[in-house]
Every structure is written in C-alpha cells, then in structure tokens.
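Biologist: Please take one part of this model and look at it closely, beginning with the way its strands pair. I would then like to see that part set in the rest of the model.

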Amino acid sequence: MTATTHSPGSRPPAAEPAQRTPVLSARGLVKTFGKVVGLDGVDLDLYPGEVLAVIGDNGAGKSTLIKCLTGALGPDAGELFLEGRPVHFKRPQDARDAGIETVYQTLAVAPALDIASNLFLGREKRRRGPLGSVFRMLDQKGMRREAAQALADLGIGTLQNVAQAVETLSGGQRQAVSVARAAAFGSKVIVLDEPTAALGVKESNQVLRLIEELRSRRLPVILISHNMPQVFEVADRIHIQRLGRCAGVVSPSSHTMAEAVAIMTGATTLERTPGHATS
Amino acid sequence: MTTTTPPTSAAQQFALRRHSPLQRVQHLLHAHPAISPFLVLVIAFVVFSTLNPRFASPNSLSLVLQQVAVIGALAVGQTLIILTAGIDLSVGAIAILAMMLSAKLAEGQGLPGVLAVLLAIAVGAAAGALNGGLVTRLKLPPFIVTLGTLSVFTSIGLLYSGGQSVQATDLPPVLSWTGESFPVGEFRITFGVVAVVLLYLLVGYALAKTAWGRHVYAVGDDKEAARLAGIRVDRVLLSVYLVAGAIYGITAWILIGRAGAASPNAITDANLESITAVVIGGTSLFGGRGVLLGTLLGALIVGFFRSGLSLAGVDDQYRVLAVGLLVILAVAVDQWIRKVRA
C-alpha cells in the first residue's frame, strides 16, 4: 500500500484507522502457481469494527488473497498478523480456530439439515456428563437455544423455527444462516467471499443488512465482491487488487465508483486519481 | 403484498399463508420420512391378515422376522452408505466372504467359535475399509468400486471355500447360536433377530444423537458444504464404509444361524434386496435424508409381502411385481418431498 487513505465520512467506526492496531494484517504476501503469479507482494490491513471491501477484476488475485488469509492456501512468502501476533494457517480449520470465519458464495449449508444443525455443523455440542462423554450424545436443546439466540442477535426475525430444514429457506435466508454461523463463531474476523453472487436483489439486500449489523457489533468484516453498488453501500474502505498487487485503498467518500473501477481496470492509478477527500 | 411493505413482514405474511392439504402432506412427509413406509406396512398387515387370518398368527409373524433378519441387518450398513450418497453392491459378497473365511477356519483349524465370530466382523470391516479407501483415496464412484469388489469378494469366497458349504453341525455352536430361539409369549424369537434389533438401536442412536451421525447426513447432503464447515469428509466416508463392513460381518454370523450352514451360494441378491429395503424405507438415493427406522419398515414390508402373498395362495412373482412397484413409488415420493418449500 502506498498511502492509507481514509476519510472521516459519515460512518461511525474506523474513525482513525491509521492509529490503531489492525485486527488482521498481511505483509508482502506472495503466491505463485508455477509461472502464474497470483499474489505479488500484497499488504492488507483490517481495523477493528470496519468493513473492508476487496475488489478486483478476474485474475487480480482476490480469491488467492482471501484463501491466504483464511488458510485455504499457504502463501509462498509474506507474513500474517492477527492482533499483532504472527500466525501461520496450514488449513482452513486453523484460521477458524483462530477466530476467522468465512462465508462462501456457494451457500455452504447442508440443505436437509435444520438451521440449528447447520449453525453447529462441524463443532457440535455434546451433553454434559457421561451422556456426552461416554455416549457422545448431542445437546440438541442447547444448540437450538443458542442458534435461536444467534439469529435473534442478528435480527433475522423470519427464521424463528431453528428446527426447520435449510432447504425450505430462500437463498437469502440460507446465506443469512451462513452469516449467522460465521458471526456466532467468528470471534475476530468475518470474511464474506462474494456472499451475494448467487442471490437476487432483495436477498442481497438482506445480506447487506446483516453486514451492517456485524459492523454495529464491532466485528471487522472483509467483503469480497464484484458488485460495486453494494461495495459502495457498505464498505468503509476498499482494497483494490490489480494484477496480483494492491493498486490502492480508497473509501466510498474519497472516490467515486467510476474512479474505483478505473483504478481496478488500470485505466488510471491511485496517484493520478487521488480522490477528492484524500488527506 | 405491495412493494411498500418491509420485506420481513411480507415474508412473515407469506409464511402465514394457508397451505393446501397436499402441501401439508408434503411437509409432514418431509419432516417424518418414515411415515409413508409405516402406512404401507400397516395397510399390508391389514390386507394380508384379512386375506388369510393365519398371516397374523404369532407363528407366521415369527417366521417373517427370521426371514427379514439377514436382509434387515445388511440394510443397516446399506442405509449408512446410501445416506452418504453412495451405494454398496458388495454387501452380500462381503457377508459371504466373512462367513466362509471364519467357517472354514473354525471347521478345519479348530478356531474357537468366539474368535471365528470376531474374525468374521474383522474381515467385514477390512473389506468395507477397502471399499471406503477406493472411494476416498482414488475418488472412484461407489457404484463402480462396489461393482468391482462384488466380483472380487464373491470369487475369493468361492475359491477359498472350494464352493463347498460347511454344515452348522461341523461348526462350534457359537457360530450357529444366532439361530437358537426363545419364546416370547406365543412368538419364537431367535437370537439373530435380537441381534438385528440391537443393531438398529445402536446405529439409529449414532445417526440421530451423535455428531458423527450429523456428519454422515451432511456429507451425503452436500459434500462441499460439509468440507467448508470443517468436517473431514474422507474420514467420515471411510468410517461409514468400515462400520458397514463390520455390520456385514455380524450379518454373516446371523446368516449361519438362520441357514444352518455356511454356504457360499447364499443371499446372492442381497445387494438389490438391501437397496430395496432402504429405498422403500424412504431413504433418498441422493443421500443426506432418511431414517434408519424407515429401513427396518422397508425390510418388514418386503417380508410381509412374501409371507402374505404366499399365504393368500398367490404366485410369488406377484410379490416381485409388487415390490418393484413399491420401489418406484418410494423414489417418486422422495423426489416430490425434496421439492418442499416453506
């Protein structure tokens, strides 16, 4: 990153990002696939309580960047810091254990299982005492109660019956379940990888509201998206990937959508388009 | 619903709309997939006992239970595999292989009965693990893997036994103990039937009440989603094939008691019959949905048709015909309830 652009803007959090410790930061990430360069020395900083969007054309390295941040790929070089401490994720579960949760565009839920089972999938809670330790019995009641609470916390009022199979839900509601799962377990960072790519307009709005809700809970969010209007609607800052590098970090109040797209496609650079509110 | 209504309350209004009776049935079956096989079983019972009152006699019903035991036990393993969106064509072959290996060793080498039973279970588990390994490591479709191992295990069983049966009288009594019976009121229940009931209770508990069970359903439902949720998909699949194999090994023991011999030519159609029981029981061939209780009902339905139609003096081919129609009906119902929407 050449310059950390930020603006006071109208958004409450991220008041003075440069003076705070980033929750998650990456320094000099390199990832190559044979001769193809996926990431060519990328820095990224995510500050507490902000929504950081990552945009970029196809092949710009968005997915590779996110995979490196969430443990799906190991970078060839570079470092990751979580709350200032160096971390190394060998597999997605490591990142998850560290408090980084990811929501995927593919609606990664098991349709025939109910909402509560999906929320706790892969980290089920067992009953206390010998029923749980010897007989491995699941604490179904407890999981349902907590699932209902997690959904209520996010204001997902339409999903009242957590014993309902996920396949009876709409795409937006299913994605809401994914977001709720991430919010319930992602203690530090939530990564949303094109969460609205498979959704319609109305359903996308539902997910955007959830992102706002996460921000109001001071959970930092990384949002990968192709959809510029959505990015400009919810993001505090926008990290622009181009050809495996970070072409700049802008904010919705410093740059227009057209300027961001121009930087993203290489029609201009951040130096030539410093934006109207850049300090 | 107008555009001025906030989407949440519009959605709530939509959720409160009246469902047609057909939709209610669809929802009910979706939530409780064992209802339809249960109804079929009840209807079959009423019809067959009307056609011939002897059908409902304790004697006849005891016999049905004994007849159903072997396929019913194999179908437990088959259910596990079908729940993961797989299929096992080698069920019978594994049971025969396990049975012939342990029977031959018990007969010739004088392997003690208890060890012979444990050996059968171990052979079954190993054969199942081989299937599972081929499915998870080589990423081959379960249909192809088990089609291959069906032939492999069958031929090994035949070659090893020389195509010869071993009579139960030449075996340690433990091996045919599953055929011994005890009275329950007017019923005669064999220990093999008890073993099958225990199998259903144990595996049913594991499926419904443990994290492993959840993972089995999740893997069959959407493998990729399960992986993204942090489930080790290959490990779950391997465990399912291994457990299924061990169940086939236990079935080998039940089979010796039932048949009074270890014969390499027994239960040749076990794969299709076990799949039939699972499918009639409402478990989806596409994986991820179904309950073990349904499989038990499915196996009983086939048993009822066999006994009921023969007592009614009808040609056995009508049973084959009826079971075939039931299979098609069951899959059609499954397809329908999969389309359920809130």
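Modeller: What follows starts with a sheet, goes on to its neighbouring loop and helix, and ends with the wider setting.

This is a predicted model, in which local features need pLDDT of at least 70 and side-chain atom pairs count only at pLDDT 80 or more, while totals for chains, interfaces and linings use all residues. Residues are numbered from 1 along each chain as its sequence is written, and chains are lettered from A and ligands numbered from 1 in the order in which they are written.

Chain A holds nine helices and ten strands (DSSP runs numbered from the N terminus, H or I of at least four residues for helices and E of at least two for strands). Four of its strands form an open sheet in the order β2-β1-β4-β5, and their pairing is antiparallel, where two strands pair if DSSP finds at least two bridges between them. At the edges of this sheet lie β2 (36–46) and β5 (85–87) of chain A, each of which pairs on one side only. From one strand to the next the twist averages 30°, with axes taken as lines fitted to C-alpha atoms, for helices over the stretch in contact, and angles running from 0 to 180 degrees between N-to-C directions.

Strand β4 of chain A, residues 77–82, runs antiparallel to β5(A) and is joined to that strand by three bridges. Across this pairing, A:Phe81 stands opposite A:Pro86 in β5(A). Most residues other than glycine have a negative phi. A:Glu83 counts as partly exposed because 15 C-beta neighbours lie inside 10 Å (20 or more other C-beta atoms within 10 Å make a residue buried, 12 or fewer exposed, and anything in between partly exposed, with C-beta atoms placed from the backbone).

On the other pair of strands, helix α1 (residues 62–69) of chain A lies across β1 (24–33) and β2 of chain A, and runs at about 120° to β1(A).

A positive phi is also found elsewhere in chain A, at A:Glu194, where the angle is about 45° although the residue is not a glycine. A:Glu194 sits in the loop between β7 (189–193) and α7 (201–216) of chain A, and its 19 C-beta neighbours inside 10 Å are why A:Glu194 counts as partly exposed.

Of the contacts in chain A with a separation of 6 or more, 67% are between residues 24 or more positions apart, a contact being two residues whose C-beta atoms, placed from the backbone, lie within 7 Å.

Chain A also touches chain B, through 25 residues from chain A and 24 residues from chain B. On the side of chain B, the elements giving two or more residues are α1 (7–15), α10 (211–221) and α11 (223–228) of chain B, and α10(B) supplies the largest share, five residues.
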